[in-house]
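Hello,

Here is the structure I promised to pass on to you. Please have a look at it first, and then read my notes below.

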Amino acid sequence: MNERPVVGISLGDVSGIGPEVTASALSRPKVRQALIPVVFGDGPTLERFPAFKKYTRTTPGTLERATGPTVCVVTELPEKDRFPGKPTRAGGKAQYGYIQAAIEAARAGKVDALCTAPVSKEQISRAGIPFMGHTEVLAEAFGREVMMLMDGPRVRVALATNHVPLVDVSRMLTVERLVGQLQLLSRSLKPVVGRAPRIGVLSFNPHAGEGGLLGREEVEVLTPAIKQARKLRVDAHGPLAADGLFARVADFPYDAVLAMYHDQGLIPAKALDFERTVNVTLGLPVPRTSPDHGTAYDLAGTGKASSVPMVEALLKAARLTAR
């Protein structure tokens, strides 16, 4: 793609750090040179930032494909519902609206990629909207099987299950599910690494189950899934004990790792490089990225929040449109 891609950016929780890190990231010359931003958010909130006053202003109903920086005003919240560090139910409903407006723009071909600023699952749920996370909403909106990938400079970690209570993870791990995920991960990363990626599959139980002594998932589900995936030309290996594998990060032997549950994958990914690790949703017809942090209400409005994660997420979204 020779021209700059149009990236739709949902503003996230207006009471969190989303607005300020988005404004700061979009002020960076390397970001401006890489993409055309369309920011879906709250009019009065965006007006707090001088740069956005120069953007073309539109609404979801009148939005066309942008040729320059654009603000798409989804809400006009009163001050009490957009105050930094003070989330409200109205703000929860609003941030969900920004996601939906950005998704609709992507489905209509008005943006080439999506980058989502952090939201509050709690506040969206308080507004009466069932919400487990961006990944689940995107999967439903596009009717696709998707996968969360934490794409960092040192490791890439994908998740077999996303925002699921630990008590429910085991029953969700099936041979069919894991084979499909390994195929998706391999297919998605092959253009990135230039060959079939080497994928490490983490165990579910401690010490990879110790041959069934510490649990049967490795014997009955993971090992059969890995064998099936390998027959389908997926270069998968495991099951591997997570504690030992991530201790080898200096000479990491895999292009990506498939973790069985949320914290098993996200804790090492964030610990190794919090600021430059980007959340990427695999399996969608358009790229979607997000910084790997939350709303950080304690930092909102203080000017202390780093915009580096948002910069990385925006640049990753732009790069992925070229593949």
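Which strands does helix H11 lie across? Helix H11, residues 262-272, lies across strand E6 (147-151), strand E7 (156-159), strand E8 (198-202) and strand E10 (256-259). Its direction is at about 160° to E7. Please keep in mind that this is a predicted model.

**The sheet**

Those strands belong to an open sheet of 12 strands, with mixed pairing. From one strand to the next, the twist averages 25°.

Strands in a sheet pair through backbone hydrogen bonds, in either a parallel or an antiparallel way. Here are some pairs that you can look up:

- Strand E2 (residues 36-42) and strand E4 (residues 70-75) run parallel and are joined by 5 bridges. Gly41 stands opposite Val73 in E4.
- Strand E1 (residues 6-10) runs parallel to E5, with 4 bridges between them. Ser10 is found opposite Thr116 of E5.
- E5 and strand E12 (residues 288-291) are also parallel, joined by 2 bridges. The bridge partner of Leu114 in E12 is Arg288.

**A closer look at E5**

In a regular strand, side chains alternate between the two faces of the sheet. Strand E5 covers residues 113-116: Ala113 and Cys115 point one way, while Leu114 and Thr116 point the other way. Are these four residues buried or exposed? All of them are buried.

**Two packed helices**

Next, please turn to helix H8 (residues 175-193) and helix H9 (residues 217-231), which pack at an angle of about 40° with their axes 8 Å apart. That angle makes H8 oblique to H9. The crossing of H8 past H9 is right-handed. On the H8 side, the contact is made by Val175, Leu178, Val179 and Leu182. H9 brings Glu220, Val221, Leu222, Pro224, Ala225, Gln228 and Ala229 to the contact. Sorted by class, the residues in this contact are 9 nonpolar, 1 polar and 1 charged.

Definitions and conventions
Residues are numbered from 1 along each chain as its sequence is written. This is a predicted model: local features need pLDDT of at least 70, side-chain atom pairs count only at pLDDT 80 or more; totals for chains, interfaces and linings use all residues. Side-chain values use heavy atoms; hydrogens and water are left out. Axes are lines fitted to C-alpha atoms, for helices over the stretch in contact, and angles run from 0 to 180 degrees between N-to-C directions. Angles under 35 degrees count as roughly parallel, over 145 as roughly antiparallel, 65 to 115 as roughly perpendicular and the rest as oblique. A crossing is left-handed if the near helix is turned anticlockwise from the far one by less than a right angle, and right-handed if clockwise. Contact means heavy atoms within 4.5 Å. Ala, Val, Leu, Ile, Met, Phe, Trp, Tyr, Cys and Pro count as nonpolar, Asp, Glu, Lys and Arg as charged, and the others, Gly among them, as polar. Two strands pair if DSSP finds at least two bridges between them. Buried means under 20% relative accessible area, exposed over 50%, partly exposed in between (1.4 Å probe, protein chains only).
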